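Please read this note with the model open beside you. It goes through a few features one at a time.

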Amino acid sequence: MAKKKVQIKKKTQAKKKVQPKKKVQAKKKLQPKKKEEIRFIGKVTKIRQTEPRTVIEWPRSLTHVHTYGLLSPFFKGLREGKLMATRCPNNKCAEKRLWLPPRAHCPDCHTEMVWETLPNPVIGKIYTFTEVVYAGIGIELSTPYWQVDVELPGLATIPKSYLLYGKPYIGMKVKAEFRTKRPTNTILDYYWVPYEQ
Ligand SMILES: [Zn+2]
């Protein structure tokens with residue numbers, strides 16, 4: 001009995017001594033921390049359903065920062081109503097023709113290419129075409145549209161773009177046009193229109 005009494009007394013003393021110290025220390029430490037407290041800065045999601053399982057609506061948006069790098073002259077050209085292609089300046093290279101879409105370096109000999117502007121009007125022939133009914137995410141053209149591959153004289157490539165209006169057929173003559181007013185600054189800034197002499 002006597003032992004128990006002593007123990008209780010010790011506990012009471014300990015509490016009395018510790019409590020005031022703890023309170024003061026805790027307050028001093030917590031106050032500056034509040035300013036640095038991590039905050040939620042997102043938008044609260046909407047709950048669509050909770051049964052049989054929780055489903056939330058979480059809208060996402062992002063800015064994709066992209067450089068055209070050495071191909072920048074091509075996009076500058078589109079804004080100015082010009083189609084710009086590249087040619088390998090290496091005399092020893094077997095490929096003498098122009099590349100469009102441009103290549104910064106020759107795919108055959110890896111020499112840095114030189115720029116050339118295709119003389120306007122750029123007239124080509126439809127090599128083949130596809131009707132795009134369901135475009136993938138990120139395609140910013142109304143559907144359906146005609147994707148056309150156009151053969152141009154002096155090119156090593158058959159560039160792909162779209163026909164602004166009309167119905168394509170193989171061998172159809174088309175002329176390049178440019179979206180110089182409110183350009184998208186993407187490959188969509190040039191397209192083809194039917195060309196009749
Ligand atoms: Zn080359």
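1. Basis. This is a predicted model, in which local features need pLDDT of at least 70 and side-chain atom pairs count only at pLDDT 80 or more, while totals for chains, interfaces and linings use all residues. Residues are numbered from 1 along each chain as its sequence is written, and side-chain values use heavy atoms, with hydrogens and water left out.

2. Main core. The largest nonpolar core holds 22 residues, and Leu83, Leu100, Leu118, Leu152 and Trp192 have the most contacts inside it. Two or more residues each come from helix 2 (72-79), strand 6 (145-151), strand 8 (173-178) and strand 9 (190-194). A nonpolar core here is a set of buried Ala, Val, Leu, Ile, Met, Phe, Trp, Tyr and Cys residues joined through side-chain atoms within 4.5 Å. Buried means under 20% relative accessible area, exposed over 50%, and partly exposed in between (1.4 Å probe, protein chains only). Helices (H or I, at least four residues) and strands (E, at least two) are DSSP runs, numbered from the N terminus.

3. Which residues does leucine 152 contact, leaving aside its neighbours within four places in sequence? They are Leu100, Leu118, Val122, Ile123, Gly124, Pro159 and Trp192, where contact means heavy atoms within 4.5 Å. A second, separate core has seven residues, including Val132, Tyr145, Tyr162 and Tyr191.

4. Largest pocket. The largest pocket has a volume of about 280 Å³, the volume being the space filled by probe spheres set on grid points that are joined across faces, edges and corners. A pocket is an open set of points on a 1 Å grid over the protein atoms alone, where a 1.4 Å probe fits, with protein on both sides within 12 Å along at least five of seven lines; lining residues have an atom within 4 Å of a point. Of the 15 lining residues, Ile139, Leu141, Tyr162, Ile187 and Leu188 lie nearest the centre. Strand 6 and strand 7 (160-163) each give two or more residues to the lining, and strand 7 gives the most, with three. The lining divides into nine nonpolar, four polar and two charged residues. Here Ala, Val, Leu, Ile, Met, Phe, Trp, Tyr, Cys and Pro count as nonpolar, Asp, Glu, Lys and Arg as charged, and the others, Gly among them, as polar.

5. Salt bridges. The whole structure has eight salt bridges, each a side-chain nitrogen of Lys or Arg within 4 Å of a carboxyl oxygen of Asp or Glu. One of them joins aspartate 149 and lysine 160, with the closest N and O atoms 3.1 Å apart. This pair links distant parts of the chain, strand 6 and strand 7, 11 residues apart. Is aspartate 149 buried or exposed? Aspartate 149 is buried, at 11% relative accessible area, whereas lysine 160 is partly exposed at 46%. Within it, arginine 48 and glutamate 57 meet at 3.0 Å, N to O; arginine 48 is exposed at 57% and glutamate 57 partly exposed at 27%.

6. Proline 107. Proline 107 sits in the loop between strand 3 (84-87) and strand 4 (114-117), partly exposed at 37% relative accessibility. Not counting residues up to four places away in sequence, proline 107 touches Trp99 and Met113.
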